[in-house]
Amino acid sequence: MKKLSAILLHKIDSDTEIGVYGVKFLLSDSKYNPIGQYMSDQDGYVYIEDLEPGKYYIREIGVPDNYLLDDTIKTVYVKYGETTEIEWENTSKKGQIQVIKSSEDTNVINGLPMNTLLENAYYEIYDKAGNTVDTIVTDKNGLAVSKPLPLGLYKIREVKAPDFYKVSDEILTAHIEYEGQIVRFKVTNKSIISGVEINKVGYKEVMPNQPIRYTFTNVANTSNVSLDSFYFRDKMPMEVGLQKIVTGTYNHTQNYKISNKQKLEYSTK
């Protein structure tokens, strides 16, 4: 009984090495006479059996829409009674995402005018499954460029703004639809505005040697960003002496420090 040979072809993605479904192949004999057409299964495999030993040619004739056709003709030698294994990569079609970052307004802290291109804005790019596929950073020209990305839908989120600018809460959506496409976004950052509001209540006029009481309440952050720390200064005449400080209560733990002109310091937590 004659034992015939076989070919086991595995078609994989060149980036992920995951099997590619739906790739069509044409198998020809040593004289280029077609033998049959075959298609890769859900795991990227094609099994061709009942072959006579000898030389064969395999050509890719069809790929899914998101892959580039590889028109290389592969020569395959099969031996008597053996299965010849072939691993064949396919490159997916790719595009690119670009972000151009500029200042939305004039920054009073660093003096940069509106529309200035901004460096060091960090963005993360996520695929439709929520996986981070790239992190990009704007250069001195305000431009951030992704690596080549397969066709598909992506979300882009700013994770770190340039110094003295506020991180944007806008989520960008990019749909890369064809090979070589560049999806470009022009976006801005608002300048940081910092400030603290404090309500001070006390005497406007007093008699000599009369005690004065001041109460500071409703300490509030008027910035457009959260503050890690801040300070405020209250001026009083030099002849006024500090006798007592009552710190009051707070709704969360914090550190603070109080000092005066007489170099007396009070620290608490």
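This is a predicted model: local features need pLDDT of at least 70, side-chain atom pairs count only at pLDDT 80 or more; totals for chains, interfaces and linings use all residues.
In strand β3, glycine 36 turns up as the bridge partner of leucine 27. The β2 strand, residues 24-28, runs antiparallel to β3, and the two pair over 5 bridges. Zooming out, the sheet has 4 strands in the order β3-β2-β5-β6, with antiparallel pairing. β3 (34-39) and β6 (73-78) sit at the edges, each pairing on one side only. On average, neighbouring strands here are turned by 30° against each other, direction ignored.

Now for the charged pairs. Side chains of opposite charge can pair when their charged atoms come close. Searching the whole structure turns up 4 salt bridges. One of them joins glutamate 60 to lysine 11, with 2.5 Å between the closest N and O atoms. Since glutamate 60 belongs to β5 (residues 54-62) and lysine 11 to β1 (residues 5-13), the pair ties together parts 49 residues apart in sequence. Both glutamate 60 and lysine 11 are buried.

Another salt bridge pairs lysine 94 with aspartate 15, the closest N and O atoms lying 2.6 Å apart. Here, too, distant parts of the chain are linked: lysine 94 is in β8 (residues 94-103) and aspartate 15 is in the loop between β1 and β2, 79 residues apart. Lysine 94 is buried at 15% relative accessible area, whereas aspartate 15 is partly exposed at 48%.

Arginine 157 and glutamate 124 also form a salt bridge, with their closest N and O atoms 4.0 Å apart. Arginine 157 lies in β13 (residues 152-160) and glutamate 124 in β9 (residues 122-126), so this pair ties together parts 33 residues apart in sequence. Arginine 157 is partly exposed, at 35% relative accessibility, and glutamate 124 is partly exposed at 22%.

Terms used. Residues are numbered from 1 along each chain as its sequence is written. Side-chain values use heavy atoms; hydrogens and water are left out. Two strands pair if DSSP finds at least two bridges between them. Axes are lines fitted to C-alpha atoms, for helices over the stretch in contact, and angles run from 0 to 180 degrees between N-to-C directions. A salt bridge is a side-chain nitrogen of Lys or Arg within 4 Å of a carboxyl oxygen of Asp or Glu. Buried means under 20% relative accessible area, exposed over 50%, partly exposed in between (1.4 Å probe, protein chains only).
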